[in-house]
Amino acid sequence: GQPNICYECDPSCAECDGEALNNCTVCPPGTLKILDDRDPYSSNTCISESECPDGFFKVEGKEECASCHDDCFNCEAKGSLSCTACFASTVPGKKHYFKLENTDDQVGECVT
């Protein structure tokens, strides 16, 4: 059979399943793991931030940031009705107008 080969993790990872920046399986304390279903190259990376970047929301109970729905610039959960901000009108091909769905939470959807 094949011999087991050990690779050194990228320095940004605590544990990994490969040597690349986007092979992190566990991030170090005080960092956040990016889960990006839009860009596989940035998914499974660890960032040294306390808050998720634009286009991501913090997964409840975890030190992870998941990507927002494609229509949302920012959001508080998965799905097109969880947007908290829409893209600027200068961004082509995106929905720019905010339609409030829940006035208590200030979340809604982005429409054209």
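**Salt bridges**

Asp37 and Lys78 form a salt bridge, with their closest N and O atoms 3.1 Å apart. Asp37 is in the loop between strand 3 (32–35) and strand 4 (45–47), and Lys78 is in the loop between strand 7 (74–75) and strand 8 (83–85), so the pair ties together parts that are 41 residues apart in sequence. A salt bridge here means a side-chain nitrogen of Lys or Arg within 4 Å of a carboxyl oxygen of Asp or Glu. Strands are DSSP runs of E, at least two residues, numbered from the N terminus.

Before I continue, this is a predicted model: local features need pLDDT of at least 70, side-chain atom pairs count only at pLDDT 80 or more, and totals for chains, interfaces and linings use all residues. Residues are numbered from 1 along each chain as its sequence is written, and side-chain values use heavy atoms, leaving out hydrogens and water.

Are Asp37 and Lys78 exposed or partly exposed? Asp37 is exposed at 58% relative accessibility, while Lys78 is partly exposed at 43%. Exposed is over 50% relative accessible area, buried is under 20%, and partly exposed is in between (1.4 Å probe, protein chains only).

How many salt bridges does the structure hold? There are five. Among them is Glu63 with Lys58, at 3.4 Å between the closest N and O atoms. Glu63 is partly exposed at 49%, and Lys58 is partly exposed at 38%.

Last, Ala20 sits in the loop between strand 1 (15–16) and strand 2 (24–26). Ala20 is partly exposed, at 30%.

Note on methods. Helix = DSSP H or I, 4+ residues; strand = E, 2+ residues; numbered from the N terminus.
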